[in-house]
Amino acid sequence: MLDLSRVLSGPFATMTLADLGADVIKIEQPGTGDDTRQWGPPFQGDQAAYFLSVNRNKRSVALDLKTEAGLAAVRSLAAQADVVVENFRPGTAARLGLGYPDISAVNPGIVYASISGYGQTGPDAQRPGYDAVAQARSGLMSVTGEADGPPVRVGVSATDLTAGMWALVGILAALHERHRSGLGQWVDISLLDGQVSWLTYVASGYFATGEIPARYGSAHPTIAPYQAFATADGHLMLAVGNDRLWQRFATAAGLEHLVHDARFATNADRVRNRSALIPLVAAAMATKTSADWAAIFDTAGVPAGPINSVDEIVTDPQVLARGMVLETEHPTAGALRQLGCPVRLSATPPQLRMPPPLLGQHTEEVLNSLGRLDLASEKAS
């Protein structure tokens, strides 16, 4: 797999495929490399934590795409690759002679994935794409945040990560089709498209009613009670997803009388009468600690959980048992912890084979395999 991408969307997709066994060759500009190598603090040793988060299990090759020699080496790699991933602005790869038509002409089986802000077609195809702008334009921010507050960006770069995951889906589907036809294809992924697809039931509600969806904070627009509540010492997320759980919850919370209240008999009733219900639930939740309520609801079979901070979740016994925190040794950053791959395969599980590479660490190794040692001088110092 030839990885011409940088920052987050493409590197997240290629790292996941690398975890699952792909040999990913990451092409970087000599001297600077992927933009995220400079995105800090925080740093671990001399390495930006951002870069470390999405680039393990890859080999880094430093080639200057402003030179014909560098472009020739990339073309040689692409001619032998199964997959190419790039996230240039549409048209840039083609101007370099690295577009899908160029590569497929010499490698008809290539699966070529392009990730961009707005896709390869449409009136905005040439506009630069950024996660925060896509979160805003897609409608995601309009339904994120407290009801009486301003729109809020999701706390991680959700649009970039969504695009990376859709790229994964497209790449795997195209590889599967190649087994049948022998031919590759172009996978066109847009940050905007991917984030719009996440609107799902929110958009469906608008289509059904014509009512513009609002912000509900931690609450759910079509289920109640389904939100975070203040407890005696913090907050607890409560998810009463059906009428059976409502009856269990009300009994466990000391609100048995509400089970027989016609205003709250069904979920539809509870949603319609949310303004009356939520203060009653909130008053009850404030009487005990989060730990006390969690124990009570676990016993009653009511879904509820703490709102963990990052330091708490990376030490959670369930998270650790699932292998979601990995440890490796980096040549300059030292002992390195990373989040694991969430894909569980019974026969070919993901593996941590290599830490994130130093800039140009594998240039000579890869160029030697091409018989292009004349380019070794382009590797990063």
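Student: Is the crossing of H3 and H17 left-handed or right-handed?
Tutor: In this predicted model, helix H3 covers residues 68–80 and helix H17 covers residues 363–370, and their axes come within 11 Å of each other. As for the sense in which H3 and H17 cross, it is left-handed.

Student: At roughly what angle do the axes of H3 and H17 cross?
Tutor: Angles of 65 to 115 degrees count as roughly perpendicular, and H3 is roughly perpendicular to H17. The value for the crossing of the two axes is roughly 70°.

Student: How many residues of the contact of H3 with H17 are nonpolar, polar and charged?
Tutor: From H3 the contact takes Ala73, Ser76, Leu77 and Gln80, while H17 brings Val366, Leu367 and Leu370. Ala, Val and Leu count as nonpolar, and the division of these contact residues is 5 nonpolar, 2 polar and no charged.

Student: Turning to strand E6, are the residues on its two faces buried or exposed?
Tutor: Strand E6 spans residues 83–86, with Val83 and Val85 on one side and Val84 and Glu86 on the other. A residue is called buried when its relative accessible area is under 20%, and both faces of E6 are covered, since these residues are all buried.

Student: Which residue of E7 stands opposite Val84?
Tutor: Strand E1, residues 2–3, pairs with E6 in the parallel sense over 2 bridges, and there Leu2 stands opposite Val84. Strand E7, residues 111–116, also runs parallel to E6 and is joined to it by 4 bridges. In E7, the residue opposite Val84 is Tyr112.

Student: Which strands stand at the edges of the open sheet of 3 strands?
Tutor: The order of this open sheet is E9-E10-E11, and its pairing is antiparallel. A strand with a single partner has one side left without a neighbour in the sheet, and this applies to the edge strands, E9 (226–230) and E11 (304–306).

Technical notes:
Residues numbered from 1 in each chain as written. Predicted model: local features only at pLDDT ≥ 70, side-chain atom pairs only at ≥ 80, totals over all residues. Heavy atoms only, no water. Axes fitted to C-alpha atoms, helices over the stretch in contact; angles between N-to-C directions. Parallel < 35°, antiparallel > 145°, perpendicular 65-115°, else oblique. Left-handed = near helix turned anticlockwise from the far one by under 90°. Contact = heavy atoms within 4.5 Å. Buried < 20%, exposed > 50% of the residue type's maximum accessible area, 1.4 Å probe, protein only. Pairing = 2+ DSSP bridges.
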